[in-house]
Amino acid sequence: MTGQGTGSGRVGLWLIGARGSVGVTTIVGALAVRAGLAGRVGLVAEQPEIAAAGLPSLDELVIGGHDLATDPLVKRAERLAAGGVVPAGILPGIASELEEVEGRLRTGYDVSSEEHQREAIERLSADLVAFREAHGLERVVVVDVASTEPPAEVVHGGPLADPDALDAALAAGESPLPASSVYVLAAYRAGCPVVSFTPSPGPRLPVLVTLAERAGLPWAGSDGKTGETLLKSALAPMFATRALQVNAWASYNMLGGGDGATLADPDNARSKLVTKAQGLEAMLGHPVEGPMHIDYVPDHGDWKTAIDHVSFEGFLGVRMSLQFTWSGCDSALAAPLVLDLARLTLRAHEVGEAGPLPFGFFFKDPAGSTEHRLGTQWDELVAWCARVGA
């Protein structure tokens, strides 16, 4: 298998939102690939330039997670199979492994409960330590694939910005952290690196950026780039390098499933709209009209459709346009990237990297970088892999 890590033992992937569509597709995909029941299409980490980093293999990966949902993984997987998201024929071949993963899932953090955040952080952190110790894992990466949260308002000197203020708020029984950030703080206290695959605040809060630096832990994020924004990051540089003037780039998105239902809430949608709009002006080199809309269409299920209209002008001011429609299965696009990012971040932790990782190739809103051009992001990723694999 390509991409074998240099460590001698196993490593862990802990999914926040493990029973959601992306989480279950990730688990089913990992089990199916290593059982020889599925191919490796979509796994960037299997490409020679990325495998050069010396990544842990899927065979070394032990999976667990947190979730508030209680439906068994096998039932969630069967529903995804009925919807065409995963092949139904592979489920019997991984049934026993799915049951093993089921036994490693733990109850997540419920913001509506009376559990104080300090106690919740201690409980979640203890789950991670127990998982690592029970399975003899060298290290564990925590990946957030849970539902999108609204943006968080950060006040200078407040608990979302200052570690001392955060400690004081937690000690007072207050709840200053978004749920995604509760999981991140629990991960850091357990010595685990983090990947934020959602646009939720997660590790991006200034207080958690500081705490990651103090702990010497790497993290990556945020908001996985799987569809329309992936196309924008490839097409926008084309217009710029050909000196074509883009005047407007309008986007309309339709999606179903749990993510669509979550984004039907305008507060939650704000996080997604912000990250989806990131970078267009930077890539084009000038401001551009960019109206964007997201609608929840339950009939779409796990599929998402983006319809874009790009208005541009060329030589002598001649007006032209580009229209495209992207229709993809959200979970099938996201799951291989989750596995890629888990393996890359585990390797980063192994070699002692700390702070935001240069993995913008995978994200709409890349942490620690203002680079949004897909080709340049790929070059940065390849360079990092060559460096850590040397």
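**Figure 1. Aromatic pairs.** Searching the whole structure gives six aromatic pairs, where rings of Phe, Tyr and Trp (its six-membered ring) count as paired if their centres lie within 6.5 Å, and planes under 30 degrees apart are stacked, over 60 edge-to-face and the rest tilted. Phe-361 and Phe-362 make an edge-to-face pair, with 5.4 Å from centre to centre and 85° between the planes. Phe-361 is buried, at 16% relative accessibility, and Phe-362 is buried with a relative accessible area of 1%; buried means under 20% relative accessible area, exposed over 50% and partly exposed in between (1.4 Å probe, protein chains only). Phe-239, Trp-249 and Phe-312 are linked into a cluster by ring pairs.

The model is predicted: local features need pLDDT of at least 70 and side-chain atom pairs count only at pLDDT 80 or more, while totals for chains, interfaces and linings use all residues. Residues are numbered from 1 along each chain as its sequence is written, and side-chain values use heavy atoms, with hydrogens and water left out.

**Figure 2. The largest nonpolar core.** This core has 60 residues, and Phe-359 and Phe-362 touch the most other members. A nonpolar core is a set of buried Ala, Val, Leu, Ile, Met, Phe, Trp, Tyr and Cys residues joined through side-chain atoms within 4.5 Å. At least two residues of the core come from each of strand S1 (10-16), helix H1 (21-34), strand S2 (61-67), helix H3 (73-82), helix H4 (95-102), strand S4 (137-144), helix H13 (330-350) and helix H14 (374-389). Helices (H or I, at least four residues) and strands (E, at least two) are DSSP runs numbered from the N terminus. The most is given by H13, with nine residues. Leaving aside residues up to four places away in sequence, Phe-359 touches Ala-220, Leu-341, Leu-344, Thr-345, Leu-381 and Trp-384, contact being heavy atoms within 4.5 Å. Another core, of 35 residues, lies apart from it and includes Val-62, Leu-177, Leu-185 and Cys-192.

Figure 3. Ala-51 sits in helix H2 (residues 48-51). With a relative accessible area of 12%, Ala-51 is buried.

Figure 4. A cis peptide bond, with omega near 0°, runs from Gly-221 to Ser-222. Ser-222 is in the loop between strand S6 (218-221) and helix H9 (228-241). Asp-223 is in the loop between S6 and H9 and has a positive phi of about 70°, although it is not a glycine. Asp-223 counts as buried, at 1% relative accessibility. Ala-243, also not a glycine, has a positive phi of about 60°. Ala-243 lies in the loop between H9 and strand S7 (245-255) and counts as exposed, at 69% relative accessibility.

**Figure 5. The second largest pocket.** Its volume is about 350 Å³. Of its 19 lining residues, Gly-29, Gly-39, Val-41, Ala-332 and Pro-336 are the closest to the centre. H1 and H13 are the elements that give two or more residues to the lining, and H1 gives the most, with five residues. On a 1 Å grid over the protein atoms alone, a pocket is an open set of points where a 1.4 Å probe fits, with protein on both sides within 12 Å along at least five of seven lines; lining residues have an atom within 4 Å of a point. Grid points are joined across faces, edges and corners, and the volume is the space filled by probe spheres set on the points.
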